[in-house]
Structures are given as C-alpha cells and as structure tokens.
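Visitor: I am new to this structure. Please show it to me and guide me through a few of its details.

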Amino acid sequence: MNRAGLFSEISAALADLHCNVVEAHAWSHNARLACVVYISEESTATPIDYNRLTAIEDHLTTVLRATTARSTNEENVKQQEVKTAYSLKPEGEGTVTDVERKLHQRMLSVRDFESPSKPISSPRMGSPRLIDSSDKEEKMLSVCIENCDEKGYSIVSIQCKDRRRLMFDTVCTLTDMQYVIIHASVDSHGGYAFQEYFIRLVDRYAMSTESEKERVIKCLEAAIERRVCEGIRLELCANNRVGLLSDITGVLRGRDSKKYILFKRHFWQ
C-alpha cells in the first residue's frame, strides 16, 4: 500500500545500501505504488551480485511493510513485495515500453482496481462516471461489455478523454488478463477516444459471468486512470550523482509530511 513518504524511504534505503540509482519510474493509484528501479554498485557502477541482490530485496520488503497496520489483512501484506531481476539492457536502462508494461503488471498484481477503503463495487454495466483531475475538469469514462454469442467473443467498448499511449494501456491490460484481441476499432473526435475490442480468453470463449465482466471493467478503468496526474508537477535538471534521488525526495518529504507529494510518475536518469 502507498503512503506519504514511501518513495523517499525506498530511495533512501537504496542509498544506505550503497546502490546507485541508474533509472527509476513509479506510478501510484488507489493507494498502491509500483516502482521499477535500475540500480548498480555505488563504487564500481557494475551489476550487483546475486547474494547482495537478495539482501537488498529483503531489506526493501521490510521497508514496504514497516508501517503495515495491524488490521491489514494477509492478502494486502502479500501484495507488498519486492522482485529483483538482472537487466539485459545496456547500462541497465529500460525502454519506455518495457518499463510501462512492467508498471502495468505490478499495479494489476496489487489489485489497484480495488478501492483501498471499501470493497470492490463496480458501477452498473456501461454507466459512465467522473474522474477527478487537478484542474477540476470533468472527464467522462465509460466502459461497457457485451457478449456476441454467435461469434463466441465479448465486445468491450471504451469512451474516455483522449491522450497519448491510451491504446497501449488498454491493450496491455487485456493481454495481461489473458484475453486475446480478435480485432479492434479505434477513433478519436473532439478530444475523446472511442475504442472497441472484440476479445475472448486464451483458453475459452466469451466472458461467461457478470462478475468477470465487472472485473474487466474495473481493471480497464484503473489502467486508464493511472496516468491521470494530480497535484504539482515538478521538473528538475542537474548533474547526476550517487544519492541525488534520495536527497531530492527527502527534501520534499521533510518540508511537511502532511503535504508530501505522492509521485504519480517519476523518471530519473
């Protein structure tokens, strides 16, 4: 679960463990946080060996679970985990597509489509709802699903505010949920996007239950909302050095913990 200052704690822990942050990305949504961080040895800028990587993973997991409330259920505790892997990219860097795909997968795995304060309750099938934004503009989002029994697939219709990489977000989510897209139709008009996907599960045909449709709707809504940034956008440019990310996030956190900015998306290189 996300909390004020968590990203700062993660970057500080990496600095204490003598890790150099080569590149970092983070998304937050529905009180969940997903990060993809590329690190190297502080002194040599070389890949970290397996044994130390395991220790780093254990330490960061402790950081994530440090303030877990006693009332937190076991499922939420399991969601707070760290996964490490060696990168095959030059200098440990990942392409935008690779990183964003990982972020989508991590957010889906921690069930950011569920509200942290109340049980999952999906809106009526196909009913639009409003998303709050920093400029207080109303943005309509509508996702509805119908079955085409003759063809053996489901039709997913999405209408929302148009933006860059919107189709990437929805296709990634459907793919990660093990749905095959048979064909699709996409259009944009007046600042709004209209998407229609004809899908079926990998191992069977169309969605068979209303609960399955509701889950797909919630997951697609979450995928669209993850990029809706709220709050103040801060851009910094400086010569990089070891520990700089930790210092910057520490300053933001130290100003006032109650006003700390929860990063919607962060990139540092």
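Guide: A polar contact is a pair of N or O atoms within 3.5 Å; within protein, one must be able to donate a hydrogen and the other to accept it, and residues adjacent in sequence count only if both atoms are side-chain atoms. This is a predicted model, in which local features need pLDDT of at least 70, side-chain atom pairs count only at pLDDT 80 or more, and totals for chains, interfaces and linings use all residues. Residues are numbered from 1 along each chain as its sequence is written, and side-chain values use heavy atoms, with hydrogens and water left out.

Visitor: Which side chain is joined to that of Gln 195 by a polar contact of 3.0 Å?
Guide: Gln 195 belongs to strand S7, residues 192-201. Its side chain makes a polar contact of 2.4 Å with the side chain of Tyr 197. The contact of 3.0 Å joins Gln 195 to the side chain of Thr 170.

Visitor: Is Gln 195 buried or exposed?
Guide: Buried means under 20% relative accessible area, exposed over 50%, and partly exposed in between (1.4 Å probe, protein chains only). Gln 195 has 4% relative accessibility, so Gln 195 counts as buried.

Visitor: At roughly how many degrees do the axes of helix H4 and H5 cross?
Guide: Axes are lines fitted to C-alpha atoms, for helices over the stretch in contact, and angles run from 0 to 180 degrees between N-to-C directions. The axes of helix H4 (residues 96-109) and H5 come within 10 Å, and they cross at roughly 55 degrees.

Terms used
Helix = DSSP H or I, 4+ residues; strand = E, 2+ residues; numbered from the N terminus.
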